[in-house]
Amino acid sequence: MFTSIVVGTNWSATAELAVARAVELARLTGARLHVVSVDEGTAAPVSVTGAAAAGSPHFQADVALEQTLERVGGEGVEIVQHTPSGAVADSIVAVAVEEGADLIVVGSKGMQGARRVLGSVPNKVSHHAPCDVLIVNTV
Amino acid sequence: MFSAIVVGTDGSDTADRAVSRAAALARLSGALLHLLSAYSPAPVRVAV
């Protein structure tokens with residue numbers, strides 16, 4: 001059903017729910033999974049611990065991905081990491097276009113804090129996506 | 001992964017695409033698929 005899935009994460013605990021769902025779907029459908037963590041030039045991601053927190057954004061993302069996949073169980077899924085810089089939603093959509101993705105997975109909380117309404121990231125992604133969008137209930 | 005999926009449709013061709021995707025997801029995850037078509041009742045005319 002899906003051959004190429006893009007999931008956006010800022011390595012927060014709520015975003016991890018979206019990554020877990022994306023990993024599950026990738027495993028069930030045999031899709032390749034593109035994990036996108038956008039470098040917004042802000043502080044270290046909350047779930048990165050130890051020496052990684054002091055490293056470069058790319059190194060941080062490497063370690064964060066490794067830690068995340070250990071927790072959600074990423075075995076057997078082909079995973080490609082992307083660490084673009086820029087606006088979060090635009091960057092996620094851009095990766096989806098470049099990779100010919102047929103599904104984007106994002107959390108409902110967005111990536112800029114809790115909101116009563118749909119977060120700005122899933123909102124924007126849903127309007128500009130070139131493919132299906134799964135908004136995981138993470139609020 | 002999913003145990004119950006709801007898909008809304010108005011019977012149109014474009015809605016069919018959503019139903020088709022929902023059915024595939026339901027099959028994949030063993031979920032029960034709920035098809036939903038909402039409608040607005042026609043106004044009631046009362047003869048006097």
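Before you click on anything, one cut-off to keep in mind: a residue is called buried under 20% relative accessible area, exposed over 50%, and partly exposed in between. So when you select Glu24(A), its 31% relative accessibility makes it partly exposed. Bear in mind, too, that this is a predicted model.

**Stop one: the sheet**

Colour the strands of chain A. You're looking at an open sheet of 5 strands, with parallel pairing, in the order E3-E2-E1-E4-E5. Strand E3 (79–82) and strand E5 (132–136) of chain A are the edge strands, each pairing on one side only. From one strand to the next, the twist averages 20°.

Now select helix H2 (residues 57–72) of chain A. This helix packs on the sheet, where it touches strand E2 (32–36) and E3 of chain A. Compare directions: that of the helix makes about 145° with that of E3(A).

Next, pick out strand E1 (residues 4–8) and strand E4 (residues 103–107) of chain A, which pair in the parallel sense over 3 bridges. Show Val6(A): which residue in E4(A) is its bridge partner? That's Ile104(A).

**Stop two: charged pairs**

Side chains of opposite charge can pair when their charged atoms come close. Over all chains, the structure holds 5 salt bridges. Let's visit some of them.

Start with Glu16(A) and Arg71(A), a salt bridge whose closest N and O atoms are 2.9 Å apart. Glu16(A) sits in helix H1 (residues 13–29) of chain A and Arg71(A) in helix H2 of chain A, so this pair ties together parts that are 55 residues apart in sequence. Is Glu16(A) buried or exposed? With a relative accessible area of 15%, Glu16(A) is buried, while Arg71(A), at 46% relative accessibility, counts as partly exposed.

Arg21(A) has 22% relative accessibility and counts as partly exposed.

**Last stop: across the chains**

Asp132(A) lies in strand E5 of chain A and Arg21(B) in helix H1 (residues 13–29) of chain B, so the pair joins two chains. Asp132(A) is partly exposed, with a relative accessible area of 29%, and Arg21(B) is partly exposed at 30%.

Methods
Residues numbered from 1 in each chain as written. Chains lettered and ligands numbered in written order. Predicted model: local features only at pLDDT ≥ 70, side-chain atom pairs only at ≥ 80, totals over all residues. Heavy atoms only, no water. Pairing = 2+ DSSP bridges. Helix = DSSP H or I, 4+ residues; strand = E, 2+ residues; numbered from the N terminus. Axes fitted to C-alpha atoms, helices over the stretch in contact; angles between N-to-C directions. Contact = heavy atoms within 4.5 Å. Salt bridge = Lys/Arg side-chain N within 4 Å of Asp/Glu carboxyl O. Buried < 20%, exposed > 50% of the residue type's maximum accessible area, 1.4 Å probe, protein only.
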